[in-house]
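Subject: Structure for your files

Hello,

Here is the structure I said I would pass on.

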Amino acid sequence: MNLIVFALLALLAITAVAIAQLRELWAVIMFTGIYSFLSASWMIILDAPDVAFTEAAVGAGISTVLMLSTMALTGKAEDIPRKSSVVPLFVVIVTGATLVYGTLDMPHFGSPDAPVQVYPDPSFVERSEADMHGLPNVVTALLASYRGYDTLGETTVVLTAGIAVLLILRKNEDEQDDTAPLARNKSS
Amino acid sequence: MTGFPIIRIITKLLIPYILLFAFYVQFHGDYGPGGGFQAGVIFASGLILYGLVFGLHAIKKVAPPIVIEKCMALGVLIYAGTGVLTMALGGKFLDYSVLEHDVLPHWHVPSGQHLGIFLVELGVGITVTAVMTMIFYAFAGRKQV
């Protein structure tokens, strides 16, 4: 088990460094897809299969497609930076060191005293099955019922984000060429 | 993409299973891992895969943008409408306990909290599918300027 964990985390780190090194955007997009799949595998190890679904579908699937279509509209290579990268490197190292310092106080992985095990009131876990007519999934019960307001807000955020993207990106009605499907097919 | 028979045949074989898995994640999310958001993105990625392989006009025939953009709002309407329904039935906003009923008890028709969760997850799933698909249309429909 530990071997898989170390291998996955090492691969994640290698992929991240590769993404930072590469200038060819096509390869960068493919590597971000690989990064998402590795993250999804990592989520499976952390017993969070629903997060893994989302990561695989959004991170590796949809966002890769969106980045590829963006690349088709812009350029295929990143400009070589002309400025010195000493200051950004310094900022990154300081931020990273702060984050690592922050993890020192955190409880160990799987520790029963961890806030994640203690703070959502354990009574939720105890009573959710009876409250929910025998539905065993506490996560769904929390998201959709106990915290139904939050999820309504999140759904509205998704809708608002979608409307914003459409307002920015959508072509005018007279520019749309859906009326010529065959010609479109040959060109694509 | 008429020149890649393997990709087209494999896509046609895979898409039913992707969509079926999305429905499984949606409607079995009360029992197993999953829920509306996950199901929505899986369903949308099935649609987007179809659009990638068979072209934008083919996917727009299956999922017309004019319908999908209405579905974006429909999902939130189902979610909030469930809340309004519970208020109309005398409960609080999104308090699913008032949805209790005794229709066909042997068929295990969702009732009470189960029915409420079912409805709001359906709303989340519809909105997420529609938003992801519309964003794909918006990106893929543009030409280089």
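Predicted model: local features only at pLDDT ≥ 70, side-chain atom pairs only at ≥ 80, totals over all residues.

Chain A

Chain A is built from 9 helices and has 0 strands. Read from the N terminus, its elements follow the order α-α-α-α-α-α-α-α-α. The chain has 188 residues, of which 18% count as buried. Among its contacts with a separation of 6 or more, 39% come from residues 24 or more positions apart.

An unreviewed UniProt entry lists "transmembrane region" for residues 28-46, 53-73 and 85-104 of chain A. I looked at two of these spans in the model. Residues 28-46 of chain A are 95% helix and 0% strand, with 27 Å between the end C-alpha atoms. Residues 53-73 of chain A are 100% helix and 0% strand, and here the end C-alpha atoms are 29 Å apart.

Chain B

For chain B, UniProt (again an unreviewed entry) places "transmembrane region" at residues 9-27, 39-59, 71-94 and 114-140. Residues 9-27 of chain B are 100% helix and 0% strand, and their end C-alpha atoms lie 28 Å apart. Residues 39-59 of chain B are 95% helix and 0% strand, but the end C-alpha atoms of this span are 19 Å apart.

Within chain B, helix H2 (residues 36-54) packs against helix H5 (residues 113-140) at an angle of about 30°, and the axes are 7 Å apart. The crossing of H2(B) and H5(B) is right-handed. On the H2(B) side, the contact residues include B:Gly36, B:Ala39, B:Gly40, B:Phe43, B:Ala44, B:Leu47 and B:Gly51. H5(B) contributes, among others, B:Glu121, B:Gly125, B:Val128, B:Met132, B:Phe136 and B:Ala140. Sorted by class, this helix pair brings 13 nonpolar, 6 polar and 1 charged residues to the contact.

Contact between the chains

What does each chain put into the contact? Chain B provides 51 residues and chain A provides 43 residues. On the side of chain B that touches chain A, at least two residues come from each of H2, helix H3 (56-62), helix H4 (65-88) and H5. Which helix gives the most to that side of chain B? The answer is H5(B), with 18 residues. The class count for the side of chain B that touches chain A is 29 nonpolar, 18 polar and 4 charged residues.

Regards

Notes
Residues numbered from 1 in each chain as written. Chains lettered and ligands numbered in written order. Axes fitted to C-alpha atoms, helices over the stretch in contact; angles between N-to-C directions. Helix = DSSP H or I, 4+ residues; strand = E, 2+ residues; numbered from the N terminus. Left-handed = near helix turned anticlockwise from the far one by under 90°. Contact = placed C-beta atoms within 7 Å. Nonpolar A, V, L, I, M, F, W, Y, C, P; charged D, E, K, R; others polar. UniProt positions renumbered as here; feature names shortened; annotations may be inferred. Buried ≥ 20, exposed ≤ 12 C-beta atoms within 10 Å, placed from the backbone.
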